[in-house]
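Please consult the sequence and structure shown below.

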Amino acid sequence: METLGFLMEGFAVALTPYNLMFALLGAFAGTLIGCMPGLGPANGVAILIPLAFTLGLPPETAMILLTSVYAGAMYGGRISSILLNIPGDEPAMMTCLDGYPMARKGRAADALAISAIASFSGGLIGTVGLIMLAPVLAKFALSFGPAEYFALFLLAFATLGGITGKNPMKTVIAATLGIMISTVGIDISTGTQRYTFGVLELYEGIDFILAIVGLFAISELLFFVESRMGHGREKVSVGKLTLSFRELVSTIPTQLRGGVLGFISGVLPGAGASLGSFISYTLEKQVLGKKGKFGEGDIRGVVAPEAGNNGASSGALVPMLTLGVPGSGTTAVLLAMLISLNITPGPLMFTQNADIVWGVIAALLIGNVLLLLLNIPLVGVFVRLLSVPPMYLLPIVTMVAFVGIYSISNSTFDLYFMVAFGIAGYFLRKLEIPVVPIILGLLLGPEMEKNLGHALVLSDGDWSILWASTLAKSFWLVAGLSLALPYLVGPLLRRRMNAAMKESPVSD
Amino acid sequence: MTGFGDRILGLGLMVLAVAYGWVAQQWPEPFGGAETVGPETFPTILAVVLVAGGIYLMIKPDPDAQWPLGKSALELVVSLLVLVVYAMLLEPLGFVISTTLAVGALSWRMGANPRSAFVTGLISAVVVFVLFNYGLSLNLPAGLLEVH
């Protein structure tokens, strides 16, 4: 019941008109970001960080804004899946399978409405799960020592590629590069200057915000320039809403199953929203068997993945808030915001910054309601914005990124740095080195080093302390397994996901 | 040869790792004597991991990516130049003028016709400038347009 009390306080924070306004703004911007091509959720949140920062928003408001954007992006991804058969973001991939056929049959409006409702219930289930699980996990995490944390960070890196990831070694390389960048600057414990080469701007280290914006936004622009996809897509009409109440009721079991499965895969490291929606869809197909017409525009084929990916997006906040270890790109970016607000993420946040944690959680609940309200009547607006060609959109997005970075420090030095990170990001992504582990390395590097130091001081220099406790041992084991599994089951899973995509008769 | 890109990357990473590790060994011992974990411990571990990663890439490279050639490559270089010049001119020319030029040039190169590209640039520049300087009271440089 303690939790309920905290939640009430959270609502008190989130329901102030000021915070409510930012939640609404975030939800709207998030849906836009989700549905626009070339502007994924991680990218969108990354560009908004410097803005939230320079606006001088109080920490809870800044976090509420960004969490609403995050939740909104998960809603937005479905719009282009359904109307154009092109997922707006990766987790919305499975929504194409039945959403697009529904749209072709003239039921686009129904598909959009039911998927908004499914997103809502998925998000709601996920948030309820978050409320129940997070405090328990935070309490448990209080017993972690530095050695356990060190092992946990390794685990986070190892699972980041996910079991469907292609080459785990490239994840390791990316993470190492990120941690290496984080060692630039004056060493906190000894005061030694590391890799500064006498450049004054490097003494305080490299600001991860500009690294994030460069790696995401600038490299995305370069990718679009290269692919010459500037021209966007044709306009689509949505049609009339014919969804009946009975049909809506008939999807309730699917919504529940999808939401729960999604939440679980969101919490688990290495699974994430894409796998969440995949599992929910596949399970639904198996449960309903021949009764459904999956792949031909079955309404439950739209509901299951949408409930799944929104459940997963709330689930992914659990490890980020309780352990300070994000499991996905977007939650990594949210962690960056927390760190730059001088809030130490991890179990202590639940006691020291209870107002922020519970404010964010309450905002997530409110945000879901707002998103449902926004998404049903305003779907026409979003659809129209979908046809804004990237050739106008991306330069403006890049400009906003420049403005944000410039206004943090009012120096153009940071802008050159950001462009350099963009170029590096372009080459690395071309070589299939994932960008997210680099960012996570940047964020977690200092913490990792600190915990390593503490552990070795405690053990008087005995390195075996790092895997002495059972808990640390199991972290090492899981980390090792997640690096090995992609070689064993990865190809199989990937083939299945691809096969599922191809089975759909209209995947043109 | 396939996997050329990965092999070069692997080699580059190894060179980087060795240089990074070597620099770490040059730091003076911190005041108060050496501890188990000095400033060089963690970087040394990282260097070793990265050397291993580089060797792995050289032995088992993935198939090559499609690299842009000719016109695409040129477009990329042009876009990068636009970004660098934008950063350079932001303060001297002021936000509105430099943004109009930068956004306009980028959209034009991405396929918009020049007029609508630069009009988009101008509109977005003015909107953002007004929003930031008057709405949010941040300071974007006015540059040439500054009223004395």
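**Chain contact and helices**

The contact draws 46 residues from chain A and 48 residues from chain B, two residues being in contact if their C-beta atoms, placed from the backbone, lie within 7 Å. The model is predicted: local features need pLDDT of at least 70 and side-chain atom pairs count only at pLDDT 80 or more, whereas totals for chains, interfaces and linings use all residues. Residues are numbered from 1 along each chain as its sequence is written, while chains are lettered from A and ligands numbered from 1 in the order in which they are written.

**Side of chain A that touches chain B**

- H18(A) gives the most to this side, with ten residues; helices are DSSP runs (H or I, at least four residues), numbered from the N terminus.
- The residues of this side comprise 26 nonpolar (Ala, Val, Leu, Ile, Met, Phe, Trp, Tyr, Cys and Pro), 13 polar (the others, Gly among them) and seven charged (Asp, Glu, Lys and Arg).

**Helices H2(A) and H17(A)**

- The axes of H2 (residues 17-35) and H17 (residues 379-386) of chain A, lines fitted to C-alpha atoms over the stretch in contact, come within 10 Å and cross at roughly 45°.
- Thr31(A), Leu32(A) and Cys35(A) in H2(A) meet Phe382(A), Leu385(A) and Leu386(A) in H17(A).

**Helix H12(A)**

- H12 of chain A (residues 299-315) has 17 residues.
- Of the 17 residues of H12(A), 17 are buried, with 20 or more other C-beta atoms within 10 Å of their own.

Key:
Helix = DSSP H or I, 4+ residues; strand = E, 2+ residues; numbered from the N terminus. Expected span 1.5 Å × (residues − 1). Buried ≥ 20, exposed ≤ 12 C-beta atoms within 10 Å, placed from the backbone. Axes fitted to C-alpha atoms, helices over the stretch in contact; angles between N-to-C directions.
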